[in-house]
Structure formats: C-alpha cells, structure tokens
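Dear colleague,

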Amino acid sequence: MSIAERPGQHRALRRSDPTRPLAGIRVLDLTRILAGPVATRFLAGLGAEVVRIDPPGWDEPSLAPDVTLGKRCTRLDLHRTADRRHFETLLAEADILVHGYRPDALEQLGYGDARRRALNPDLIDVALCAYGWTGPWAGRRGFDSLVQMATGIAATGQRWRQAERPVPLPVQALDHATGYLMAAASIRGLIARLRDGRAVTARLSLARTARLLTDHPGSAPGPAFGGHQDPDYAPGIEHTAWGPALRLRSPVQIGGTPLRWTRPARDLGSTAAAQIRTFDRARLSGSIGRSGEQSS
C-alpha cells in the first residue's frame with residue numbers, strides 16, 4: 001500500500017456516534033469485481049453513504065447480491081455532457097473516492113489526479129490496480145486468479161495438490177484482503193483529514209497483497225470446511241431485490257463497533273441518476289458535516 005498526503009482545504013469533519021462512526025461520510029464507488037466493492041460495502045456497514053456508479057449496460061449478476069449491500073446504485077455515461085456534470089457534482093461533494101479501473105482509465109475520461117484534486121481538494125482518493133503502479137506490468141488488466149498465477153500462489157497450490165496444472169486458492173483471497181486494506185486506507189484518510197487537515201491518496205494492488213501473503217505463509221491448513229452454522233448468519237431477514245435472504249456475518253469488525261447496513265442488496269443501476277442529483281442530505285443531517293457544527 002502506498003500512502004501520500006497533501007494539504008487540503010480542510011472542510012471540517014465532526015466526530016460522530018461511535019456506534020455509526022462513518023455516518024455522514026460520502027463515498028463515491030467506481031469499482032467492479034471484487035476488491036473495491038468489498039471495501040465500500042464495509043464502509044457502508046459503518047454508516048457511510050455510498051453511491052456506486054456503473055456505465056450503461058454493465059452488470060455483475062452473480063455478485064450483485066453480495067457487493068451492493070448498503071449502497072445506492074446508479075448509472076452514468078461519462079461520454080455524455082449532462083452525465084459528466086452530474087458526476088462532477090457528486091465528486092465535488094464526496095469525502096472518499098474508491099476506484100478500481102485501470103490506472104489510466106479516469107485519465108482518459110478527463111478525470112486524472114489533477115482534475116480530481118481541482119474538483120475536490122479534500123478528497124480521500126483510494127485506488128486499486130492489478131499488478132502495481134510502476135514497472136512493465138503497471139496498467140495491465142488483471143483479476144485475482146490471474147494475479148495468483150503470476151505471483152506463484154497457484155504454483156504452490158499445484159505442488160500441494162500434486163496436480164498437473166496451477167491451482168489457485170478456492171476463494172478470491174487477494175480480492176477480499178485488498179478490499180479490507182482499501183477500507184482501512186479510507187479510514188486512515190479520514191483520520192488524517194480530521195486530525196491534520198490533510199488529503200490522503202492511497203494506491204493498492206492485488207500483486208502487493210499477494211506479496212504480503214507469500215511473505216507470511218501462515219500455519220498448516222486448518223480442518224475441512226463443514227458448512228455454515230446458525231451463529232455464522234447475521235440476525236434478521238434481508239429483503240433483497242431478489243427476495244428474502246439470510247446473510248453471513250461480516251468476517252471483519254473494528255473493536256466492538258457493530259456493522260449495520262440500512263439498505264438491502266439491489267441490482268446495479270437500480271436507482272435512476274435523476275434521483276441522485278447530490279448525496280442524500282436528509283440522511284446526512286445530524287452526522288458528520290462540512291461545517292463541523294452539530295445539527296439536529
């Protein structure tokens with residue numbers, strides 16, 4: 001993880017309810033499968049107001065029930081002038097931008113680092129790529145299983161299983177681990193802004209997370225998975241867009257702070273862009289605001 005800080009304009013943040021520590025924090029989510037959505041889902045569970053933006057026609061039907069929890073999901077076409085204005089309004093109001101496109105993708109759309117800072121000098125900018133931000137593979141397309149292949153994790157699996165071909169891990173461990181690191185970087189950015197008035201930029205990659213895992217291989221494999229038990233499930237029924245469902249508890253918590261999501265999972269683009277002209281101010285009132293004054 002690479003962290004850089006710069007002076008911001010220091011729009012004030014007020015300390016919030018410890019049971020909802022991110023209430024009032026505005027997160028703009030420009031991510032896809034899987035690490036970025038894990039990060040923004042976790043931030044939503046701590047109370048953040050998350051708006052996920054996808055382009056027209058993009059879908060992730062197999063994973064949407066898992067990664068859209070707690071978020072409003074809309075679509076914008078950043079090749080259209082009206083949608084660009086809409087996006088710039090949201091970006092200017094955001095406290096945190098989490099994005100996982102290739103390193104040059106936003107630059108090509110006219111929203112490179114300099115433009116993002118001009119629109120929002122206090123923005124906490126957290127970005128993810130596959131193979132790192134420098135070197136010959138920087139900017140290359142990739143996802144968890146491919147990075148496992150490239151970094152030797154799948155070769156280790158092949159030797160362990162005595163297989164004829166590389167064997168990736170049975171879970172997307174790089175995605176999930178990197179997602180929680182992205183959430184941690186976002187929270188670190190909020191601390192820096194609250195304490196010092198600094199604006200943080202964080203850069204993470206699946207390849208760096210793979211290095212962390214291979215440098216710390218851990219102990220011998222544990223017992224075989226025996227299926228989920230009742231205590232593994234979160235309490236209550238979640239009324240998703242696909243019907244009532246049980247959800248597993250989050251594997252990560254911060255101290256005794258409960259994770260709670262006020263919006264069930266939904267389809268991508270389920271909220272019309274016209275309904276998200278700005279962040280939901282009604283939900284933000286009485287929480288962490290720019291003025292730093294207590295609102296009712």
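Please keep in mind that this is a predicted model. I begin with Asp-95 and Arg-26, both of which are buried, and which form a salt bridge whose closest N and O atoms are 3.0 Å apart. This pair links distant parts of the chain, since Asp-95 sits in the loop between α3 (81-93) and β5 while Arg-26 belongs to strand β2 (residues 26-30), 69 residues apart.

A search of the whole structure finds 18 salt bridges, and a further one of them joins the side chains of Arg-203 and Asp-125 at 3.1 Å, N to O. Because Arg-203 lies in strand β7 and Asp-125 in strand β6, the pair ties together parts that are 78 residues apart in sequence. Arg-203 is buried, with a relative accessible area of 14%, and Asp-125 is buried as well, with a value of 4%. There is also a network, in which salt bridges that share partners join Arg-41, Asp-66, Glu-238 and Arg-247.

Turning to the nonpolar packing, the largest core has 36 residues, and those with the most contacts inside it are Val-27, Val-126, Val-147 and Met-182. Among the elements that give two or more residues to this core are β6 (124-129), α8 (173-196) and β7 (198-205), with α8 giving the most, namely 7 residues. Leaving aside neighbours within four places in sequence, Val-147 is in contact with Ala-130, Tyr-131, Leu-174, Leu-206, Ala-207 and Ala-210. A second, separate core of 19 residues includes Leu-76, Leu-106, Leu-119 and Leu-123.

With best regards

Conventions
Residues numbered from 1 in each chain as written. Predicted model: local features only at pLDDT ≥ 70, side-chain atom pairs only at ≥ 80, totals over all residues. Heavy atoms only, no water. Core = buried A, V, L, I, M, F, W, Y, C linked by side-chain atoms within 4.5 Å. Buried < 20%, exposed > 50% of the residue type's maximum accessible area, 1.4 Å probe, protein only. Helix = DSSP H or I, 4+ residues; strand = E, 2+ residues; numbered from the N terminus. Contact = heavy atoms within 4.5 Å. Salt bridge = Lys/Arg side-chain N within 4 Å of Asp/Glu carboxyl O.
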